Amino acid sequence: MKIRSVLSAAVLAVATTFAATQALAQEKFTLRLAETWGPNFPIFGDTTKEFAKLVEEMSDGRLRIRIDSANKHKSPFGVFDMVKAGQYDMGHSASYYWKGKVPETLFFTSMPFGMTALEQYAWFYYGDGMDLMQEVYAPHNMISFPGGNTGIQMGGWFRKEIKSLDDLQGLKMRIPGFAGEVFAEVGVSPTNIPPGELYTALERNTIDAVEWVGPALDLRLGFQQIADYYYTGWHEPATELQFLVNKKVWEKLPSDLQTILKTAMRVSAYDMLVLSQHENAEAWANIKKDYPNVQIKNFPSDVFQAMYDANKKLLKEAAGKNDVAKRIVESQESYLEKTRAYTDISERAYLNTMAEVE
Ligand code: CA
């Protein structure tokens with residue numbers, strides 16, 4: 001009798017666990033995601049839509065994502081706080097927008113003179129990038145994942161050609177983030193202006209120059225109609241957007257749905273880089289015919305050197321602020337050194353070779 005009751009208790013326990021697992025497997029979840037972007041924002045908005053579609057299909061409808069764009073939640077730069085507080089379950093934004101709140105978040109978007117998209121993804125997924133990012137977000141009750149890359153961004157539209165450092169003195173330019181601080185060091189007056197006002201600000205000379213993203217997004221705003229000089233990039237070599245997940249929400253999900261969520265974030269992030277390459281090339285294809293006024297320029301070498309030196313100085317200051325900032329800066333610097341040595345003999349060597357025979 002005794003053995004039998006032990007056995008039935010065991011059977012009951014197994015059955016209960018099985019039923020609980022089944023119930024969890026049946027349970028449906030809807031996660032509310034707030035994005036910084038307006039509705040149908042090209043490329044960035046395509047990424048969240050692709051992510052939501054993948055999640056729903058892979059989970060056979062057990063997990064759904066409801067996206068609220070900025071017009072709905074009215075707080076494009078409040079995504080960090082809303083996900084932290086649990087007002088939203090997820091967010092899609094850019095980590096460097098939170099640098100005023102948590103300075104170490106700056107490092108996870110793109111750093112001037114830093115890694116390219118391929119190098120930076122390698123740092124996130126196989127170097128220390130992901131662990132360092134989780135360390136920064138953990139005190140804020142959130143987990144963060146790469147959310148899509150723009151590829152290298154263009155250096156901006158200038159109405160006058162920049163021939164030397166002198167031409168930068170007092171120049172008013174829309175340029176946010178760490179690059180804005182670098183530009184300030186070499187004499188520029190950086191400012192940040194909402195995207196909707198950029199064209200008018202440039203047209204009315206409220207600003208003399210503007211950086212936004214790259215051809216696919218820039219040409220839609222019409223800068224090519226009012227500025228002739230389009231500079232190549234150095235300041236955001238691999239701008240990575242960001243998924244944020246509230247930690248309590250994440251922990252509530254069964255492990256298979258966590259895997260689905262992670263997989264969908266990773267696929268949609270990679271896909272944004274691919275889509276960016278495609279859309280930029282498409283947008284650029286007719287520029288010579290449609291806007292013969294537009295000239296591609298590199299900053300002169302004395303300007304580059306001054307910005308490079310200013311960047312080094314500012315990075316050193318940033319790294320000196322606390323232990324985690326120091327470890328992030330060191331990790332990025334040592335990873336860049338190693339990965340770039342390989343990039344030099346592979347991608348760079350190939351492009352240089354091609355340039356010789358073309
Ligand atoms: Ca930009």
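What we have here is a predicted model, in which local features need pLDDT of at least 70 and side-chain atom pairs count only at pLDDT 80 or more, while totals for chains, interfaces and linings use all residues. Residues are numbered from 1 along each chain as its sequence is written, and side-chain values use heavy atoms, with hydrogens and water left out.

Let me turn to the largest pocket, which holds about 1,700 Å³ of space. A pocket is found on a 1 Å grid over the protein atoms alone, as an open set of points where a 1.4 Å probe fits, with protein on both sides within 12 Å along at least five of seven lines, and its lining residues have an atom within 4 Å of a point; the volume is the space filled by probe spheres set on the points, which are joined across faces, edges and corners. Of the 48 lining residues, Thr116, Glu119, Ile152, Pro237 and Arg340 are the closest to the centre of this pocket.

Which helix gives the largest share of this lining? That is H14, with 15 residues, and H14 spans 323-357, while helix H5 (117-125), helix H11 (255-284) and helix H13 (301-319) also supply at least two residues each.

The second largest pocket has a volume of about 420 Å³, and of its 25 lining residues the closest to the centre are Trp37, Phe77, Tyr97, Pro195 and Trp212.

Finally, Asn246 sits in strand E10, residues 240-246, and counts as buried (under 20% relative accessible area, with a 1.4 Å probe and protein chains only), because its relative accessibility is 3%.

How values were computed:
Helices (H or I, at least four residues) and strands (E, at least two) are DSSP runs, numbered from the N terminus. Buried means under 20% relative accessible area, exposed over 50%, partly exposed in between (1.4 Å probe, protein chains only).
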